[in-house]
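Here are my notes on this model. Please keep the structure open as you read.

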Amino acid sequence: MKLLLIDSEVSQADWIRRRLEIENNQVMVSPDWHTGWMMAHQSHYDIVLLAMNLQDSVQLSSFYLWAVETHDVPLLLIISPDTPANKAWVLESGADDCVGNSVDIRELMARLYALYRRKAGHFTTRSELSIDDLNVNLSEKSVYRAGKRINLLPREYYLLVFLMENKGRVISKKEILETVWNAADAIRPNTVEVYINYLRNKIDRPSTTKLIHTVVGMGYVIRIPDDV
């Protein structure tokens, strides 16, 4: 894997880099997110690792920027303080996965490989997904309904793509968590409901045809209603 590590703690960054390179990964290191942002746009990376202190407002701003603007490169956070609440928060805010800064290198490698496999094989190879007047351009990672562009955050986008890949099939909350979040153990119980509601507000609320449906006790499905 070709990895970009953004970490202002020089000794920690050097330790992580050396251990990842032992596993035959190519690791580029940036001491700050401004430089890292430029590096990410000048070259392709399989995964970005962003080390951050959640009590640092500048680092929080950098995380939001990555989460909102970067859809195609998985983002793994290395966080402190390392608490279950903090892990849940960063995952729900847009990170693809996260670990504490005292993580065992074997766990870190396992999570990196899981993200890499997910990136390589999870989403469809088609260039477009559509249902009714809702269209997703997978190359541009853009979403349109009735010709009007809809702006989605990364996690909303991935959830929508997963639903549309499986249109007509009821998907359980457990399957959504395991596929879209890739870290179900650190997610709050109502996370899926919250994000389904986000999608409904952006996709269904402006339209008379509702596409996202709840099947009580079973999960969620995207389909055209029977009475349309």
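1. In α6, the buried residues are P154, R155, E156, Y157, Y158, L159, L160, V161, F162, L163 and M164. Buried means under 20% relative accessible area, exposed over 50%, and partly exposed in between (1.4 Å probe, protein chains only).

2. This is a predicted model: local features need pLDDT of at least 70, side-chain atom pairs count only at pLDDT 80 or more, and totals for chains, interfaces and linings use all residues. Residues are numbered from 1 along each chain as its sequence is written, and side-chain values use heavy atoms, without hydrogens and water.

3. Why is α6 largely enclosed by the rest of the structure? Because 11 of its 12 residues are buried. Helices (H or I, at least four residues) and strands (E, at least two) are DSSP runs, numbered from the N terminus.

4. Now the sheet. Four strands make an open, antiparallel sheet in the order β6-β7-β8-β9. β6 (128-131) and β9 (148-150) are the edge strands, each pairing on one side only. Two strands pair if DSSP finds at least two bridges between them. β6 and β7 (residues 134-137) have four bridges. E128 has N137 in β7 as its bridge partner.

5. Which residues touch the most other members of the largest nonpolar core? They are L77, L134, V136, L160, I176 and I222, out of 49 residues. α6 gives the most to this core, with eight residues. Such a core is a set of buried Ala, Val, Leu, Ile, Met, Phe, Trp, Tyr and Cys residues joined through side-chain atoms within 4.5 Å.
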